[in-house]
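The stops below go from the whole chain to single residues.

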Amino acid sequence: MDTLRNLLTSLQQGVALGHFNVADLVLLKAVLAAAVEVEVPVIVGASEGERNFLGTRELAALVKVMREEHGVPVFLNADHTHSRAKAEEAAKAGFDAVVIDFSALPFEENVSRTKETVEAIKAINPAILAEGEVGDIGTGSEIHETVHSDFQNLTTPEEARQFVDSTGIDILAPAVGNMHGMLKSMVQGKTKKHLNIERIAQIKKAAGVFLTLHGGSGTDDKDFVRAIAAGINIIHINTELRVAWRRSLEGSLASQPNEVVPYKVLPPVVDAVKQVVSSRLKLFNAQLTSDERVLAAG
Ligand code: G3H
Ligand code: ZN
C-alpha cells in the first residue's frame, strides 16, 4: 500500500479523500464496506474520545488486519488530539496521521504546542503526517441547538501561511464556514452548511500544503465539489454517520423487540452507516468532466 503522503500528492483533479470517524466496530465495518464497494481509498479517523472508547492500539490492530483482508487502501488518523502525550501514543501505535488540535489556545501558543508535537511524532515515525488547526470550527460531532459564537471568524490566508511556516505541519485544517456537528434543521434536511470557497482558494495559495475540511456533515453537495476544486484534499464526516447509527439501531431494536443476539440486531446498522459513507465517497471521488465541474460550481 502506498503512503498517505503519496496518495494525497497524486489525487486527481476534483477528488478528495473521505475521512470517517469510528467509535465502535459497527462504524468501522461500515466504513470499510463502503470503501470496498466504491473501490476508493479511505481514511478511518478516531478522536481522543473515540480512541479512549475503542482503544488506540486495538483500533490500529483492527485496521491493520482490515488492510490485509480488503483490496482498498485504508489509512488511520488520530483525529483532534489535544496533548503531545496522546499524539505520541497514536504515532507509536502506527497511525498514519495525527490532527494536532491546540486551536482553542491563543495563536502563539497554538504555534508552539503544535510545533513541539509535530517534532515529537516525527521523531517516532518520520513518515507520519501532522495536521494543525487554526480558527474556531466549534466542537462536538453532535446535534447542536445553535452555531458556535466564533462561527463568522474565518482563518485568514496570512494566519495560515504563518502557522504552516512556523510549525512544520503537512496538512492544515482552516475555518472556512465549516463547523463541527449539525443543527436540528440540518438533520431534518431543511438547511445545509455553506462554505467560503474564495477563502479556501486564498488559504491554499498562501499556505501551500494539503487542506482538510472538518465538520463536513450537512454540507451542501455543490459546496463540497467547489471546495475540492478550490484546494480541499481531505473531508471529515462524523455526525451524519452517528445519526444513521442511532436511527437504524432504534429501528432494528424496535422491529425485533425480543431479539438479544447482537449479530442479528447490528447488521442493519452497519448497512445504514455504509450507505451514508458510500454516497459521500462517490461524491468526493466523482471524476467530473470540466463542464460538469463548472455546472456543479453553479
Ligand atoms: O473531525 C471530525 C469532523 O470534523 C466531523 O465533523 O461531525 O460535522 O461531520 P462533522
Ligand atoms: Zn474535526
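Start with the whole chain and its contacts (two residues are in contact if their C-beta atoms, placed from the backbone, lie within 7 Å). Among contacts in the protein chain between residues at least 6 apart in sequence, 71% join residues at least 24 apart.

This is a predicted model, in which local features need pLDDT of at least 70 and side-chain atom pairs count only at pLDDT 80 or more, while totals for chains, interfaces and linings use all residues. Residues are numbered from 1 along each chain as its sequence is written, chains are lettered from A, and ligands are numbered from 1 in the order in which they are written.

Colour by secondary structure. The protein chain has 14 helices and 10 strands; these are DSSP runs, numbered from the N terminus, with helices being H or I of at least four residues and strands E of at least two.

Next, select the residues L27, V31, V44, V98, L172 and V273. They have the most contacts inside the largest nonpolar core, which has 84 residues. A nonpolar core is a set of buried Ala, Val, Leu, Ile, Met, Phe, Trp, Tyr and Cys residues joined through C-beta atoms within 7 Å. A residue is buried if 20 or more other C-beta atoms lie within 10 Å of its own, exposed if 12 or fewer, and partly exposed in between, with C-beta atoms placed from the backbone. Stay on V44: leaving aside neighbours within four places in sequence, V44 is in contact with F20, V22, L28, V31, V63, V74 and L76.

Now select helix α7, residues 157-167. Which of its residues are buried? They are E159, A160, F163, V164 and T167. Looking down the axis of α7, you will find these buried residues within an arc of 125°, so they line one face of the helix; the arc is that of the directions from the helix axis to the C-beta atoms. On the other side of α7, E158 and D165 are exposed. After α7 comes G168, with a positive phi near 80°.

Finally, go to A254 in helix α11, residues 239-255. Is A254 buried or exposed? A254 is exposed, because 8 other C-beta atoms lie within 10 Å. Draw a distance from A254 to L11: C-alpha to C-alpha, they are 43 Å apart in space, and 243 residues apart in sequence.
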